[in-house]
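Walk through this model strand by strand, then turn to its pocket. Keep the structure in view while reading.

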Amino acid sequence: MAQRTLIIIKPDGVQRGLVGEILGRFERRGLKLVGLKLMSVDRSLAEVHYAVHKERPFFADLITFITAAPVVCAVIEGPEAIAVVRNLVGATRFTEAAPGSIRGDFALDLTMNLIHASDAPETAEQEVSLFFAPDEIVDYAREGDRWVTG
């Protein structure tokens, strides 16, 4: 059964012109985009999204960064999508991100690490609904999927 997850290409990824490269990695892996939008994140949305970090010393920096410039949000679907996406994204600390991962290939800063990806099914469901209305997610079949997942 297919799973859905959220990614956010953060302001540094958009400003560096890496949106196509990043989205292409998910598509080349065989995952499917079912929701996609360019948007500005306002402070209230950022605070809800990062609420789990509210008591951490870096919370204010997270809010400032994610609201500084547009982001690209996507809902990605596929078998075990959450784990597959997190592996493609790489470790949060850029120094620990494996070469070949998005962060391993492009990130050089802990805060400006290009991308956010949901970390669990419950988180993915919550984050998808935070950034996308139900009518912004499109269910569709791709002819090539039978060559990827059987």
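Predicted model: local features only at pLDDT ≥ 70, side-chain atom pairs only at ≥ 80, totals over all residues.

Residues are numbered from 1 along each chain as its sequence is written, and side-chain values use heavy atoms, with hydrogens and water left out.

Start with the strands. Helices (H or I, at least four residues) and strands (E, at least two) are DSSP runs, numbered from the N terminus. Two strands pair if DSSP finds at least two bridges between them. Strand E1 spans residues 2–9, and strand E3 spans residues 71–79. They run antiparallel, joined by 8 bridges. Within this pairing, Leu6 stands opposite Val75 of E3. E1 also runs antiparallel to E4, with 3 bridges between them. Here Ile9 has Ile115 of E4 as its bridge partner.

Now look at single residues. Buried means under 20% relative accessible area, exposed means over 50%, and partly exposed lies in between (1.4 Å probe, protein chains only). Val75 belongs to strand E3. Its relative accessible area is 0%, so Val75 is buried. The C-alpha atoms of Val75 and Lys32 are separated by 8.5 Å, while the two residues are 43 residues apart along the chain. Glu77 also lies in strand E3. Is this Glu77 buried or exposed? Its relative accessible area is 14%, so Glu77 counts as buried. From Glu77 to Leu6 the C-alpha distance is 9.0 Å, across 71 residues of sequence.

Two loop residues have a positive phi. Glu80 lies in the loop between E3 and helix H5 (81–89). Its phi is about 50°, although Glu80 is not a glycine. Glu80 counts as exposed because its relative accessibility is 55%. Leu114 sits in the loop between helix H6 (102–106) and E4. Its phi is near 80°, again positive in a residue other than glycine. Leu114 counts as buried because its relative accessibility is 0%.

Next come the rings. A charge sits over a ring if NZ of Lys or CZ of Arg is within 6 Å of the ring centre and within 35 degrees of the ring normal. Lys32 lies over the face of Tyr140, 4.6 Å from the ring centre. Lys37 lies over the face of Phe132, 4.7 Å from the ring centre.

Finish at the largest pocket. On a 1 Å grid over the protein atoms alone, a pocket is an open set of points where a 1.4 Å probe fits, with protein on both sides within 12 Å along at least five of seven lines; lining residues have an atom within 4 Å of a point. The largest pocket holds about 730 Å³ of space, a volume being the space filled by probe spheres set on the grid points, which are joined across faces, edges and corners. Its lining has 27 residues, and Tyr50, His53, Leu62, Thr92 and His116 lie nearest the centre. Helix H3 (43–49), helix H4 (59–66), strand E4 (115–117) and helix H7 (121–131) each supply at least two lining residues. Which element gives the most? H7 does, with 4 residues. The lining divides into 10 nonpolar, 9 polar and 8 charged residues. Here Ala, Val, Leu, Ile, Met, Phe, Trp, Tyr, Cys and Pro count as nonpolar, Asp, Glu, Lys and Arg as charged, and the others, Gly among them, as polar.
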